[in-house]
Amino acid sequence: MSKKVVHMTSVHHPFDTRIYHKECLSLRRAGYDVTLIAPETDAESAIDIIPIKKYKNKFLRMAFSTYQVYKQAKKRQADYYHFHDPELLPVAWLLKKNDNVVIYDIHEDYATSIMQKEYLPRPLRKLITKAYKRIENVFARDMDLCLAEKYYQELYPSGKVILNYPLINEKLMARTVDDTIEQLENKLLYTGNVDVDRGAYTQARLPLIDAEITVYFFGKCAREVADNMYATAGDQKDRLIIEGIDRYVPRETIDDQYMNRRWLAGIALFPPTEHYKRKELTKFFEYMSAGIPILCSNFPVWKAFIDRYQCGIAVDPQEGEAIQDALEYLRLYPEEAAKMGRNGQKAVQEELNWHKEEEKLLQWYDKIGEQTREAGDEHAQ
C-alpha cells in the first residue's frame, strides 16, 4: 500500500514550481499517494488538490485558511505531512505524532525577510524577528527540515538541503544558442515576481542608462510598484514592458518568452539586501536553460557563481556606466554572448538540475520514514 503524503500551503499558488511541479510530482512518480492542500484553483491537476478558500486579507488567511488546512490534513491521516509556510507551524505541530513524519520546507530566510519589510517600523521588525525565531524553535523542534538554499544549513544545521534547481526543460535546452548570434535583439528579460527588493526600480532605470534597450518583465507586479517603475523610466517608459500587473503569470507564458525572442541577456540587477545576496536565484537557472547570458549584481556569491560557470556578467547595480559597458560588450561580441549561453545550458544539463535533487528528496523520504517507524516501534514497546 502506498504511503500517504500531504503537502500543505495556504500562501503559495497551487501550481508553485517547487511544491507542485518538483516535489509533489516527483513523489507521485516514485509511488507515493500524494495530496496537495492549497488555495482554490479551477485548473486541472495531475494530483489530488484539496482547495481551501483564498483570502486576500492576510489576517483572515492566517486565521481561517490555516484552520481549513488543519481540518483537511487531519482527515487524511498521512504518513508524511510536508508544509511550506511558517504560518502553518502550529497546524503542523498539532499533526505531528510518533508514527508520522512532519517536514517544514523552508523556502525563505524568514528572519531577513521580516527585517526588510519597509511598512514595519525598524524596532518592530526586530521584535517580530525575535518572536518568529522563538515560535519556530518551539513548534519545529520535532520536525524534519527541508532547506531550499545552501546557506540555510548555517541557520539549521540538522536540515536537509534540497535545492531549487530547475526541471530540465527539453524545449528550452533544445534551443540552439548559435542561431542567436546574428539575431540578438536589444531586449532584456526579467522573469519572476517584481518588487522593490528584487530590483524593480534599479531595473526600471535601464532605458535611461542605455538608449537602445527595452526591458521586459514577466512576473506578478503590484500596480503601485509598476506605476513607480514607469515614473522612474520617465519619458523612456515605453521601453519598459511589464506583463503581470496585479496578476499571476502562468509558467507556460514565461516559457514561451524564453523561446520567442533572441534576448541580449536575462537580468537580476538587485540592490544589496541580506535576504537576497547569498541566494542562488531560480531565474539564473532558467536563463541558463534557455541559453541566455545572465546580467546580475556583483554580490560575492552571485559573482562567484557567474565566474564558476562562465555564464554571464556581474556588475555593480548602482553603476550605470558598468551596466552600459556590459550591454555593449554583449552587443559587440555576440560569439562571446553565445558561449556564455552554451556554458549555462551545459551546467544545467550536467549538474544544476532537479533530477539530482529529486534523487536526494526520495532517498531522504525513505530514510526519515524508516527512522520514524523504528522510533514508533520503540515507543509502542
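Mentor: Just after helix 12, G291 takes a positive phi of about 70°. Helices here are DSSP runs of H or I with at least four residues, strands are E runs of at least two, and both are numbered from the N terminus. Bear in mind that this is a predicted model, where local features need pLDDT of at least 70, side-chain atom pairs count only at pLDDT 80 or more, and totals for chains, interfaces and linings use all residues. Residues are numbered from 1 along each chain as its sequence is written, and side-chain values use heavy atoms, with hydrogens and water left out.

Trainee: OK, and which residues of helix 12 are buried?

Mentor: K283, F284, F285, E286, Y287, M288 and S289. That's seven of the eight residues in 282-289, so helix 12 is largely enclosed by the rest of the structure. Buried means under 20% relative accessible area, exposed is over 50%, and partly exposed is in between (1.4 Å probe, protein chains only).

Trainee: Back to phi. Which residue other than glycine has a positive phi near 45°?

Mentor: Q77. Q77 sits in the loop between helix 2 (58-76) and strand 4 (80-83), and is exposed at 57% relative accessible area. D246 also has a positive phi, near 60°, and lies in the loop between strand 10 (240-245) and helix 11 (251-260). For context, most residues other than glycine have a negative phi.

Trainee: Switching to charges: how many salt bridges are there in the whole structure?

Mentor: The search finds 23, counting a side-chain nitrogen of Lys or Arg within 4 Å of a carboxyl oxygen of Asp or Glu. One of them is E87 with R61, whose closest N and O atoms are 2.7 Å apart. E87 is in the loop between strand 4 and helix 3 (89-95) and R61 is in helix 2, so the pair ties together parts 26 residues apart in sequence.

Trainee: Are E87 and R61 buried or exposed?

Mentor: Both are buried. Another pair is E280 with K150, at 3.2 Å between the closest N and O atoms. E280 is in the loop between strand 11 (265-268) and helix 12, and K150 is in the loop between strand 6 (144-147) and helix 6 (152-155), so this pair ties together parts 130 residues apart in sequence. E280 counts as buried at 16% relative accessibility, whereas K150 is partly exposed at 41%.

Trainee: And where do R223 and D227 lie?

Mentor: Both are in helix 10 (residues 223-233), four residues apart, about one turn of the helix. R223 is partly exposed at 41%, and so is D227, at 37%.
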